Amino acid sequence: LIFSFHFTFVLLGFSEYPKTQLPLFLVFLFIYTVTVLGNLGMIVIIKMNPKLHTPMYFFLSHLSFVDFCYSTVVTPKLLENLVVEDRTISFTGCIMQFFLACIFVVTETFMLAAMAYDRFVAVCNPLLYTVVMSQKICSLLVGASYSWSIVCSLIFTCFLLTLSFCGTNFINNFVCEHAALVAVSCSDPYISQQIILVSATFNELSSLIIVLTSYVFIFITVMKMPSTGGRRKAFSTCASHLTAITIFHGTILFLYCVPNSKSSWLMVKVASIFYTVVIPMLNPLIYSLRNKDVKETVKKLIAMTI
């Protein structure tokens, strides 16, 4: 382990497709620009508009912050590797990227679960909404998401550091993720693999149980509503969140199902691109396109800048 810190890794990324390097660079640069502007813009919009000072948008501002951070941990290095021939990353840099990426992906998992609970209270117990979803409770839910993600990330990283690496290692991915690092390890990765499998399964199942339970009760409550207008309004308040959850968890579950064989590495890379680069861009678009208050605030911001 002591000597590992002197080693370097080479992120192969999409180097086996040399003709696609420039087009991919331009596509990912565009996506990253939209991600940064979209997520930071969403935070500013929520701060500016008093109508958006609600629990749902409190969670959304943190989701936007997490998406911005997550994308910033991964995308700049990806962009660099698409235009330079030297694709090396230091051992410390690789471990730090893994550590930070774990924090933000676990935080997003539970932030989406907290937002599902918020929608459940809003639809099923509207009269108690302001009491149940008080500022203190919202802050506790957000704080718990960040805290648990840091604990998980520390555990994953500590067990990853028990592995030994020999010389320059070629990582068959664009990011320092667990499976790719384990694949180039010189030592037996069984314990590290089991720890991350158990923890990741727990995080995924527990968050999905919260989400699914919330939406089952929401669906039952909405179907009992006498008016069609009431049903439509209730469904529309949940549509954006449900879309974000489906895309995020759908991609992660797909990655779980991909076998770790050489032929599947391209699929792993494409799925990894989706949830590390594309999803952080989609979330602010999903929430802003369906919300009148957000659209109005955007128009005011544009009017102020012109």
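In which kind of crossing, left-handed or right-handed, does H2 pass H5? H2 passes H5 in a right-handed crossing. Keep in mind that this is a predicted model.

**H2 against H5**

- Helix H2 covers residues 55-83 and helix H5 covers residues 135-160, and the two pack with their axes 10 Å apart at an angle of about 20 degrees.
- Angles under 35 degrees count as roughly parallel, so H2 is roughly parallel to H5.
- On the H2 side, the residues that meet H5 are Pro-55, Phe-58, Phe-59, His-62, Phe-65 and Val-66.
- Their partners in H5 are Gln-135, Cys-138, Ser-139, Leu-141, Val-142 and Tyr-146.
- Sort the residues of this H2 and H5 contact by class and you get nine nonpolar, three polar and no charged.

**A closer look at Phe-58**

- Phe-58 sits in helix H2.
- Setting aside neighbours within four places in sequence, Phe-58 touches Gln-135, Cys-138, Ser-139 and Val-142.
- Phe-58 and Ile-46 are 12 residues apart in sequence, and their C-alpha atoms are 7.9 Å apart in space.

**H5 against H7**

- H5 also pairs up with helix H7 (residues 190-224): their axes come within 9 Å and cross at roughly 165 degrees.
- An angle over 145 degrees counts as roughly antiparallel, so that is how H5 and H7 run relative to each other.
- The crossing of H5 past H7 is left-handed.
- From H5, the contact takes in Trp-148, Cys-152, Ile-155, Phe-156, Phe-159 and Leu-160.
- From H7, it takes in Ile-191, Ser-192, Ile-195, Ile-196, Ser-199, Ala-200, Phe-202 and Asn-203.
- By class, the residues in the contact of H5 with H7 come out as 11 nonpolar, three polar and no charged.

**H2 against H3**

- The axes of H2 and H3 come within 9 Å, crossing at roughly 160 degrees.
- H2 and H3 are therefore roughly antiparallel to each other.
- H2 passes H3 in a left-handed crossing.
- The contact of H2 with H3 does include charged residues: five of them, along with 18 nonpolar and three polar.

**The largest nonpolar core**

- The largest nonpolar core has 90 residues, and Phe-9 and Ile-171 are the ones that touch the most other members.
- Leave out residues up to four places away in sequence, and Ile-171 still touches Phe-9, Val-10, Leu-11, Leu-12, Gly-13, Cys-94, Cys-176, Ala-180, Leu-181 and Val-184.

**Two buried residues**

- Leu-52 is in the loop between helix H1 (21-48) and H2.
- Residues under 20% relative accessible area count as buried, so Leu-52, with a value of 0%, is buried.
- Leu-52 and Ser-15 are 37 residues apart along the chain, and their C-alpha atoms are separated by 44 Å.
- Ser-64 is found in helix H2, and at 2% relative accessibility Ser-64 counts as buried too.
- Apart from neighbours within four places in sequence, Ser-64 is in contact with Asn-39, Met-42 and Ile-43.

Notes:
Residues are numbered from 1 along each chain as its sequence is written. This is a predicted model: local features need pLDDT of at least 70, side-chain atom pairs count only at pLDDT 80 or more; totals for chains, interfaces and linings use all residues. Side-chain values use heavy atoms; hydrogens and water are left out. Axes are lines fitted to C-alpha atoms, for helices over the stretch in contact, and angles run from 0 to 180 degrees between N-to-C directions. Helices (H or I, at least four residues) and strands (E, at least two) are DSSP runs, numbered from the N terminus. Angles under 35 degrees count as roughly parallel, over 145 as roughly antiparallel, 65 to 115 as roughly perpendicular and the rest as oblique. A crossing is left-handed if the near helix is turned anticlockwise from the far one by less than a right angle, and right-handed if clockwise. Contact means heavy atoms within 4.5 Å. Ala, Val, Leu, Ile, Met, Phe, Trp, Tyr, Cys and Pro count as nonpolar, Asp, Glu, Lys and Arg as charged, and the others, Gly among them, as polar. A nonpolar core is a set of buried Ala, Val, Leu, Ile, Met, Phe, Trp, Tyr and Cys residues joined through side-chain atoms within 4.5 Å. Buried means under 20% relative accessible area, exposed over 50%, partly exposed in between (1.4 Å probe, protein chains only).
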